[in-house]
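Student: Could you take me closely through one part of this model, the strands and what packs on them, in one connected account?

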Amino acid sequence: MRPIDDSPLTRDGKVLILAYDHGLEHGPVDFEAVPESADPEHVFEVATHPAVTSLAVQKGVAEAYYPDYAEDVTLLAKLNGTSNLWMGEPDSAVNWSVEYADEIGADSIGFTLYGGSNHEIEMAEEFRDAHEAARERDMPVVMWSYPRGQGLKNDKKPGTIAYAARQALELGADVAKVKYPGSPEAMEEVVEMAGRTKVIMSGGSKTSDREFLETVKAAMDAGASGLAVGRNVFQRENPEAILDGLEEIIFEESSVETALAATEQ
Ligand SMILES: O=P(O)(O)OC[C@H]1O[C@](O)(COP(=O)(O)O)[C@@H](O)[C@@H]1O
């Protein structure tokens with residue numbers, strides 16, 4: 001059995017990761033819409049919603065806040081990450097080890113790979129080390145598979161995203177987190193290329209409830225296994241409401257209309 005089948009990262013085989021590494025990746029600008037979202041306690045509280053199968057954070061936030069939420073939140077250790085202040089070719093520093101993530105209480109790990117970057121080789125080798133250390137501990141591995149770099153003119157091309165999903169399978173990830181490729185047909189191809197690696201959609205910048213839920217529904221109908229979402233949850237005044245809607249779509253296979261009604265209850 002692969003570790004993911006037996007992990008709280010999944011619920012009925014589906015995944016809903018609440019991503020909260022934006023303070024590092026994008027900086028304070030992502031917290032402007034809802035100032036209280038800058039406080040990790042606020043987002044840990046949101047992550048106690050039953051739809052959330054894991055909260056993805058960086059080391060410092062995990063160290064400082066996870067001990068208070070260990071009973072109620074499942075932790076995904078996002079091992080690498082870079083600030084927006086970095087202006088070089090896409091790359092990501094490995095900020096903590098699998099050993100240390102395990103010690104803090106993480107159930108699974110997350111790792112970004114920028115396929116196509118001039119740093120892809122080093123990143124893939126770092127991923128190898130993290131992957132094998134995670135396997136020794138039965139911790140599922142989620143790859144943020146984001147083709148990006150000076151040679152890539154369009155990182156949203158369906159073929160590029162299908163390649164990203166395939167890279168995740170080839171390198172051993174249990175879950176590939178990819179951008180939505182723009183249509184259900186393209187998503188089907190992405191899912192096919194990922195084989196037994198589960199594909200989850202990346203949330204992206206904030207959109208309306210309807211637009212967001214429609215995109216998630218389209219991805220799920222095309223065979224995706226869920227979602228990793230940050231801004232589309234914590235940049236809302238009522239993050240629990242959108243999680244109620246996402247719970248309908250991801251775990252109950254409900255329609256968009258039913259999900260929208262759930263957001264209003
Ligand atoms: O590299 P990008 O596209 O700026 O986005 C990176 C961010 O997107 C995520 O992968 C998902 O978050 P969002 O749902 O807010 O897009 C985060 O984990 C990460 O901080």
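Tutor: Strand β2 (residues 54–57) and strand β3 (residues 75–78) run parallel and are joined by three bridges, strands being DSSP runs of E of at least two residues and helices runs of H or I of at least four, numbered from the N terminus. Within this pair, Ala 56 stands opposite Leu 76 in β3. This is a predicted model, in which local features need pLDDT of at least 70 and side-chain atom pairs count only at pLDDT 80 or more, while totals for chains, interfaces and linings use all residues. Residues are numbered from 1 along each chain as its sequence is written.

The pair belongs to a barrel that eight strands close in the order β1-β2-β3-β6-β7-β8-β9-β10, with parallel pairing, where two strands pair if DSSP finds at least two bridges between them. From one strand to the next, the twist averages 25 degrees, with axes fitted as lines to C-alpha atoms, for helices over the stretch in contact, and angles taken from 0 to 180 degrees between N-to-C directions.

Helix α5 (residues 120–136) packs on the sheet, where it touches β6 (108–113) and β7 (141–145), contact being counted when C-beta atoms placed from the backbone lie within 7 Å; the direction of α5 makes about 170 degrees with that of β6. Helix α6 lies across β6, β7, β8 and β9, and runs at about 155 degrees to β8. The buried residues of α7 in turn pack against α6 (158–171), β8 (175–178), β9 (198–202) and α8 (209–221), a residue being buried if 20 or more other C-beta atoms, placed from the backbone, lie within 10 Å of its own.

Technical notes: Two residues are in contact if their C-beta atoms, placed from the backbone, lie within 7 Å.
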